[in-house]
Amino acid sequence: MTEKENKLYGLLGENISYSFSKSYFSEKFKNLQLNDCEYTNFDIADIQDFSRIINQHENLKGLNVTIPYKEKILPILTNLDETASEIGAVNTIKFLKNGDLVGCNTDAFGFENSLKPLLKSNHNKAFILGTGGASKAIAYVLKKNAINFKFVSRNPSSKVEIAYKDITEKMMKETNLVINCTPLGTSPKTELFPNIPYHFISENHLLYDLIYNPKITAFLAKGKAEGATIKNGLEMLQLQAEESWRIWNS
């Protein structure tokens, strides 16, 4: 079977050799004996290179999108589904037969379904660490589940954002859900972590890290040491990948 006849899927991003998606889908295709399916990384330095990818690969059926293009891709797409439109970020693109490109967001699906089993009644306030594309999907899920939240940023720019240095003991003790959406702690720089007052964390807290490599980041380890429940981003990634696959084939 020629390359043109293969069904091609891939990941759009920058510096993505570490990618979860390529190994996940390649393994999936192998296990399901989908010999006509292929998944590859499209590592581009500028979003303008996206049109070149489209032109060179007529057999593209779907793409995942990661940092730094989850928001930059929006003007290029034909339309967005309801979830992606509300979030303002895309991590999945469906290629229609008429050439239209539909932007979707499966990050929200993955996060919500991996978080819900861990939620308790006291998890009604949250800190979202970081303000990038992924944090928008997290905020969407928290809002949907009636969990009040504030973004924590190095450079706050709105009323729903605060600086790391402004987190007080009272705020930390009242905010029992903390989600890391920053890249701090990702392998190989595993010693890094968001600068929050960990000594105010207790067994009432739930710390969730979107990072999955390493399995226990410095952020999660510091929370666990104070008795918190911890969760990494692996299940979220698996769930969002399967939801992407469903969208591409629906």
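**View 1. Helix α7 and its buried residues.** In helix α7, which spans residues 218-225, the buried residues are A218, F219, L220 and G223. This is a predicted model, so please read every view here as a prediction. Those buried residues of α7 pack against four strands: β7 (125-129), β10 (177-180), β11 (206-209) and β12 (229-231). The helix lies across these strands, β7, β10, β11 and β12, and runs at about 170 degrees to β11. Following α7, look for G227, where phi is positive, near 95 degrees.

**View 2. The parallel sheet.** Here six strands make an open sheet, and walking across the sheet you meet them in the order β9-β8-β7-β10-β11-β12, with parallel pairing. At the edges are β9 (161-163) and β12, each of which pairs on one side only. From one strand to the next, the twist averages 25 degrees. For a look at one pairing, pick β7 and β8, which are joined in the parallel sense by five bridges. Within that pairing, L129 has V152 in β8 as its bridge partner. Helix α4 also packs on this sheet, where the helix touches β10, β11 and β12. The direction of α4 makes about 150 degrees with that of β11.

View 3. Look for N79, whose bridge partner in β6 is V102.

View 4. On one pairing, β5 meets strand β3 (residues 60-65) through three bridges, and the two run antiparallel. N64 stands opposite T92 of β5 there. Another pairing links β5 to strand β6 (residues 101-104) by four bridges, again antiparallel. In this pairing F95 faces L101 of β6. The hairpin of β5 and β6 has five residues between the strands, and in this hairpin G99 takes a positive phi near 95 degrees.

**View 5. Where helices α4 and α8 meet.** Helix α4 (residues 107-115) packs with helix α8 (residues 234-248) at an angle of about 135 degrees, and their axes are 7 Å apart. That angle makes α4 oblique to α8. The crossing of the two helices is right-handed. From α4, the residues in contact are D107, F109, G110, F111, N113 and S114, and they meet E235, M236, L239, Q240 and E243 of α8. Sorted by class, this contact has four nonpolar, four polar and three charged residues.

**View 6. Two cis peptide bonds.** How is the peptide bond from I67 to P68 arranged, cis or trans? That bond is cis, with omega near 5 degrees. You will find P68 in the loop between β3 and β4 (79-80). The peptide bond from N213 to P214 is cis as well, with omega near 10 degrees. P214 has its place in the loop between β11 and α7.

**View 7. Two residues with positive phi.** Q33 is not a glycine, yet its phi is positive, at about 55 degrees. This residue sits in the loop between α1 (20-31) and β2 (37-43). Q33 is exposed, with a relative accessible area of 65%. A146, also a residue other than glycine, has a positive phi near 60 degrees. Its loop is the one between α5 (133-144) and β8 (148-153). Is A146 buried or exposed? A146 is exposed, with a relative accessible area of 64%.

Note on methods: Residues are numbered from 1 along each chain as its sequence is written. This is a predicted model: local features need pLDDT of at least 70, side-chain atom pairs count only at pLDDT 80 or more; totals for chains, interfaces and linings use all residues. Side-chain values use heavy atoms; hydrogens and water are left out. Axes are lines fitted to C-alpha atoms, for helices over the stretch in contact, and angles run from 0 to 180 degrees between N-to-C directions. Angles under 35 degrees count as roughly parallel, over 145 as roughly antiparallel, 65 to 115 as roughly perpendicular and the rest as oblique. A crossing is left-handed if the near helix is turned anticlockwise from the far one by less than a right angle, and right-handed if clockwise. Contact means heavy atoms within 4.5 Å. Ala, Val, Leu, Ile, Met, Phe, Trp, Tyr, Cys and Pro count as nonpolar, Asp, Glu, Lys and Arg as charged, and the others, Gly among them, as polar. Buried means under 20% relative accessible area, exposed over 50%, partly exposed in between (1.4 Å probe, protein chains only). Two strands pair if DSSP finds at least two bridges between them.
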